[in-house]
Amino acid sequence: MTSPGFKPGGRQRELTPVGSIPTRLRHVGMDSAKRSDMSQAATPIGHRRGEWLRVCRVHFKPFFLYLAAGVALGAGAVARDPSAWPTLLGLSLVGLLLWPFLEYAVHRGLHARARSARVRAFLHRAHGIHHAAPQAVGSIFIRFSASASLSALLFLLFASALGSWPKAAALLIGLWAGYLLYEFTHYVAHFGRPRTAWMRRRQRHHQLHHRDREDARFGVTTSLVDWLFGTQGASEKV
Ligand SMILES: [Zn+2]
Ligand SMILES: [Zn+2]
């Protein structure tokens, strides 16, 4: 009997059908069956002490790296010129406010309709797989290679535009704070049981992005940018 994807006499190609869940994306140590339907509030994430630490340790190790890098860069920037801390703090806030726009642009770009099969395959690997298998917890988090290369690129851009690495670092730290908030919000939107009205709104907005129309509701941490660009969608009912 020939298994799918096996060509007798030829090289075996590993076929990954659209919607399948690669092993590395499967939820480790959690019952994935409970997460097969986003309408079910799954594990009450955050209700138990240390639960978030466990989620980050198992599924989102870059969290610790970005936290450490942010503290090290921030301390280095302030140590270089202690009197500049108000400017640096202001730039970090600007970075945090810029995050929703970056989040929106990247997410909307990943939903682009491409003619090229290569680009379509790339978009599927980068984001389509998350829509095909939202119950796979590994598909929730942005790959470290992608976020690290984008961070390096942005740091170089900011440093050349501002002519100062401490200012560039301050902007980047603000963006990282937004990025970590995004990962947290996205995880709760799929697997959490939100305890605040704001988080319930975020969950509803994102669930509608998955269920209703994938060409609307690209904002995860906020709907503001969707509202600005007219992609907030029609109905807010789940
Ligand atoms: Zn999407
Ligand atoms: Zn999602």
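## Val94 and its partners

Val94 counts as partly exposed in this predicted model, because 13 C-beta neighbours lie inside 10 Å, whereas a buried residue requires 20 or more. Val94 is placed in helix H3, which spans residues 85-110.

Once neighbours within four places in sequence are set aside, Val94 is in contact with Leu171 and Gly174. The C-alpha atoms of Val94 and Leu171 are separated by 6.7 Å, although the two residues are 77 apart along the chain.

## Overall architecture

The protein contains eight helices and zero strands, and its pattern along the sequence reads α-α-α-α-α-α-α-α. Of its 238 residues, 26% count as buried.

Contacts between residues at least 6 apart in sequence were also examined. Among these, 62% join residues at least 24 apart.

## Helix H6

Helix H6 covers residues 165-191. From its first C-alpha to its last, the helix reaches 38 Å over 27 residues, close to the 39 Å expected at 1.5 Å a residue. Of those 27 residues, 21 are buried, so H6 is largely enclosed by the rest of the structure.

Val188 lies in helix H6. Val188 is classed as buried because 21 other C-beta atoms lie within 10 Å, where the cut-off is 20 or more.

## The largest nonpolar core

The largest nonpolar core has 30 residues, of which Ala169, Ala170, Leu171, Leu172, Leu175, Trp176 and Tyr187 touch the most other members. At least two residues of this core come from each of helix H2 (62-80), helix H3 (85-110) and helix H6 (165-191). The greatest contribution is that of H6, with 15 residues. In soluble globular proteins, nonpolar side chains tend to be buried together.

Apart from neighbours within four places in sequence, Tyr187 is in contact with Val55, Ile140 and Gly192.

## Packing of H5 against H6

Helix H5 comprises residues 144-162, and its axis comes within 8 Å of that of H6, the two crossing at roughly 145 degrees. The crossing of H5 with H6 is right-handed.

On the H5 side, the contact is made by Ser147, Ser151, Leu154, Phe155, Phe158, Ala159 and Leu162. On the H6 side, the residues are Trp165, Lys167, Ala168, Leu171, Leu172, Leu175 and Tyr179. By class, the residues of this contact divide into eleven nonpolar, two polar and one charged. An α-helix has 3.6 residues a turn, so residues three or four places apart point the same way.

Arg217 is found in the loop between helix H7 (197-211) and helix H8 (224-229). The phi angle of Arg217 is near 55 degrees, a positive value in a residue other than glycine.

Arg217 is buried, because 23 other C-beta atoms lie within 10 Å and the classification requires 20 or more.

How values were computed
Residues numbered from 1 in each chain as written. Chains lettered and ligands numbered in written order. Predicted model: local features only at pLDDT ≥ 70, side-chain atom pairs only at ≥ 80, totals over all residues. Core = buried A, V, L, I, M, F, W, Y, C linked by C-beta atoms within 7 Å. Buried ≥ 20, exposed ≤ 12 C-beta atoms within 10 Å, placed from the backbone. Helix = DSSP H or I, 4+ residues; strand = E, 2+ residues; numbered from the N terminus. Contact = placed C-beta atoms within 7 Å. Axes fitted to C-alpha atoms, helices over the stretch in contact; angles between N-to-C directions. Left-handed = near helix turned anticlockwise from the far one by under 90°. Nonpolar A, V, L, I, M, F, W, Y, C, P; charged D, E, K, R; others polar. Expected span 1.5 Å × (residues − 1).
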